[in-house]
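Subject: Structure handover

Hello,

Here is the structure you asked for. My notes follow below it.

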Amino acid sequence: MSRGPAFLFDLDGTLVDSVYQHVLAWREALEAVGISLSVWRIHRRIGMSGGLLLRALLRETGREVTSEEVQRIQQQHAEAFARLLPQVRPLPGARELLEALTRAGIPWAIATSGRRDVARPLLELLGVDEGTPVITREDVQYAKPDPDLFLAAAARLGIPIAECIVVGDSVWDLLAARRAGALSVGLLSGGYGREELERAGAYRVYEDPADLLRHLDEVGVR
């Protein structure tokens, strides 16, 4: 019997320490088509789907790009991130948190705005089993900040979204959770501040997965 709510986890910045590698990969991809942006501007959009991220960043520059250039940028990002992958590590306590939930009979799933080919090596770093419910960009029509990813993850678990807690590190995760109708927990491990996460809807904020693991009783796990 489950002794608490189900958990729906974001991936980058929530379970794996990969946010800044993504930022650098997007910068390299944008510079390949002549667009120069400070890394902090890119970081503020991490957590969105790649398409929305590009649209938002391009709006800031006033630059218009063709659909072919968008595809090229996304491909360049994937290639650049793959080169940076050896730098990526699981966040402290991530594996232990997932293992503790499994032992306690608490259902959990992963829902990421990333594409499956980008997510796969990160899931391997975490030691996630093949049968674990994982929802990626290809599985939904719209990614974060739309609620589709979390709704699909809850459906995959067979649990009402209202009985799930979303765990994410970005304001886009928490906005998507709020739109889906789920409670959300914020983690500081993606670079957003506590107040930002709370304003976006987090009812608890912890430093990283290890800190959440130490306080599972505060989010209703018995």
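How many strands form the open sheet, and in what order? Six strands form it, in the order S5-S4-S1-S6-S7-S8, with parallel pairing. Strands are DSSP runs of E with at least two residues, helices are DSSP runs of H or I with at least four, and both are numbered from the N terminus. Two strands pair if DSSP finds at least two bridges between them.

Before the details, the ground rules. This is a predicted model, in which local features need pLDDT of at least 70 and side-chain atom pairs count only at pLDDT 80 or more, while totals for chains, interfaces and linings use all residues. Residues are numbered from 1 along each chain as its sequence is written, and side-chain values use heavy atoms, with hydrogens and water left out.

Strands S5 (134-135) and S8 (204-206) stand at the edges. Each has a single partner strand, so one side of each is left without a neighbour in the sheet.

Strand S1 (residues 6-9) is covered on both faces. Ala-6 and Leu-8 are buried on one side, Phe-7 and Phe-9 on the other. Buried means under 20% relative accessible area, exposed over 50%, and partly exposed in between (1.4 Å probe, protein chains only).

S1 runs parallel to strand S6 (residues 164-168), joined by four bridges. Three bridges pair S1 with strand S4 (residues 108-111), also in the parallel sense. Leu-8 has a partner in each: Val-166 in S6 and Ala-109 in S4.

S6 also pairs with strand S7 (residues 183-187), parallel, over four bridges. There Val-167 stands opposite Val-185 of S7. Helix H8 (residues 171-180) packs on the sheet and touches S6 and S7. The direction of H8 makes about 165° with that of S6. Contact means heavy atoms within 4.5 Å. Axes are lines fitted to C-alpha atoms, for helices over the stretch in contact, and angles run from 0 to 180 degrees between N-to-C directions.

**Aromatic rings**

The whole structure holds two aromatic pairs. Rings of Phe, Tyr and Trp (its six-membered ring) pair if their centres lie within 6.5 Å; planes under 30 degrees apart count as stacked, over 60 as edge-to-face and the rest as tilted.

Phe-7 and Phe-9 are stacked, because their ring centres are 5.9 Å apart and their planes are at 15°. Phe-9 and Trp-108 are edge-to-face, because their centres are 6.4 Å apart and their planes are at 80°. This second pair links distant parts of the chain: Phe-9 in S1 and Trp-108 in S4 are 99 residues apart. Trp-108 is buried, as is Phe-9. Phe-7, Phe-9 and Trp-108 form one cluster.

**Helix packing**

Helices H1 (residues 19-31) and H4 (residues 67-84) pack at about 135°, with axes 8 Å apart. That makes H1 oblique to H4. Angles under 35 degrees count as roughly parallel, over 145 as roughly antiparallel, 65 to 115 as roughly perpendicular and the rest as oblique.

H1 contributes Leu-24, Trp-26 and Leu-30, among others, to the contact. H4 contributes residues including Ile-73, Ala-80 and Phe-81.

**Gly-201**

Gly-201 lies in the loop between helix H9 (194-200) and S8. Gly-201 counts as partly exposed, because its relative accessibility is 24%. Gly-201 touches Arg-178 and Ser-184, leaving aside residues up to four places away in sequence. Gly-201 and Leu-187 are 14 residues apart in sequence and 12 Å apart in space, C-alpha to C-alpha.

Best wishes
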